[in-house]
Amino acid sequence: MSRAVLSIGSNMGDRLAFLRSVVDGLGSRVVAVSPVYTTAPWGGVEQDDFLNAIVVADDPGYSCHDWLCHGQELEQAANRERLIRWGARTLDVDVVWCAERSGARMVACRSDDPVLTLPHPQAHRRAFVLIPWLDVMPDATLDVEGAERPVRELLGGLDESERAGVRCTSLSLGVLPSSGHRGVTP
């Protein structure tokens, strides 16, 4: 069994529909979904604001690479084009963190593979990842340079302008309305 934390974002077309397509495409694998946030683009390329959310998903048959492949399939279904690094996109699905079951516990995966680097090498610098992640996993931790650190601490270390640029919306991905899956434990 593996569990994945997926950061999803869109800033082209029907942004909310593209985010919903991820939740729909993952189906019963979805364990929790954060609120939807609006954020300024990250990476220095002029473009429209993003809608972002975090999805936590489980699948007994998935490896960490399977989450990447599934995310890329969802991006392709949304006609994602990779023209400019950090440029505008219909849909972005990033595997931020992944863990696999080892006995009775989940163990975070580490990978230096250029195709799938885990944990995501920029996650600890991105408020648009950390803020919604804390909504669904308040006790989440992330390995940064070999040290496991609370996501809350990483968020607190970001510049206030980075945190202030992530604003919760009234939009919803319309799933798990009262299922009790808000706080997910690793």
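Predicted model: local features only at pLDDT ≥ 70, side-chain atom pairs only at ≥ 80, totals over all residues.

Tutor: The protein has five helices and 11 strands, and buried residues make up 48% of its 186 residues.

Student: Which residues make the contact between H1 and H2?

Tutor: On H1 they are Ser21, Val22, Gly25 and Leu26, and on H2 they are Trp67, His70 and Leu74.

Student: How many residues of each class does the contact of H1 with H2 have?

Tutor: The contact has four nonpolar and three polar residues, and no charged ones. Gly counts as polar in this scheme, so Gly25 of H1 belongs with the polar residues.

Student: Why is Arg89 called buried?

Tutor: Buried means under 20% relative accessible area. Arg89 has 8%, and therefore counts as buried. Arg89 lies in the loop between H2 and strand E5 (92-102). Leaving aside residues up to four places away in sequence, Arg89 touches Ser10, Asn11, Met12, Phe50 and Arg80.

Student: What makes the pairing of the Arg89 and Asp92 side chains a polar contact?

Tutor: The distance between them is 3.1 Å. A polar contact requires a pair of N or O atoms within 3.5 Å, so the pairing of Arg89 with Asp92 qualifies.

Student: Is Arg101 buried, exposed or partly exposed, and what is the reason?

Tutor: Arg101, which lies in strand E5, has a relative accessible area of 42%. The side chain of Arg101 reaches the backbone oxygen of Ala104 at 3.2 Å. Arg101 also touches Met1 and Met106, with residues up to four places away in sequence not counted.

Student: How far apart are Arg101 and Ser2 in sequence and in space?

Tutor: Arg101 and Ser2 are 99 residues apart in sequence, and 6.2 Å apart from C-alpha to C-alpha. Cys109 and Ser2 are 107 residues apart in sequence and 9.5 Å apart in space, again C-alpha to C-alpha. For the protein, 70% of the contacts between residues at least 6 apart in sequence join residues at least 24 apart.

Student: Why does Cys109 count as buried?

Tutor: The relative accessibility of Cys109 is 15%. The limit is under 20%, so Cys109 counts as buried. Cys109 lies in the loop between strand E6 (105-108) and strand E7 (111-112). Among the residues it touches are Cys64, Cys98, Leu118 and Pro119.

Student: What kind of peptide bond joins Leu118 and Pro119?

Tutor: The bond is cis, with omega about -10°. Pro119 lies in the loop between strand E8 (117-118) and helix H3 (127-136).

Student: Why is Glu145 called exposed?

Tutor: Exposed means over 50% relative accessible area. Glu145 has 76%, and therefore is exposed. Glu145 is placed in the loop between strand E9 (141-144) and strand E10 (147-150). Its phi is near 55°, a positive value in a residue other than glycine.

Note on methods. Residues numbered from 1 in each chain as written. Heavy atoms only, no water. Contact = heavy atoms within 4.5 Å. Helix = DSSP H or I, 4+ residues; strand = E, 2+ residues; numbered from the N terminus. Buried < 20%, exposed > 50% of the residue type's maximum accessible area, 1.4 Å probe, protein only. Polar contact = N/O pair within 3.5 Å; in protein donor to acceptor, adjacent residues only side chain to side chain.
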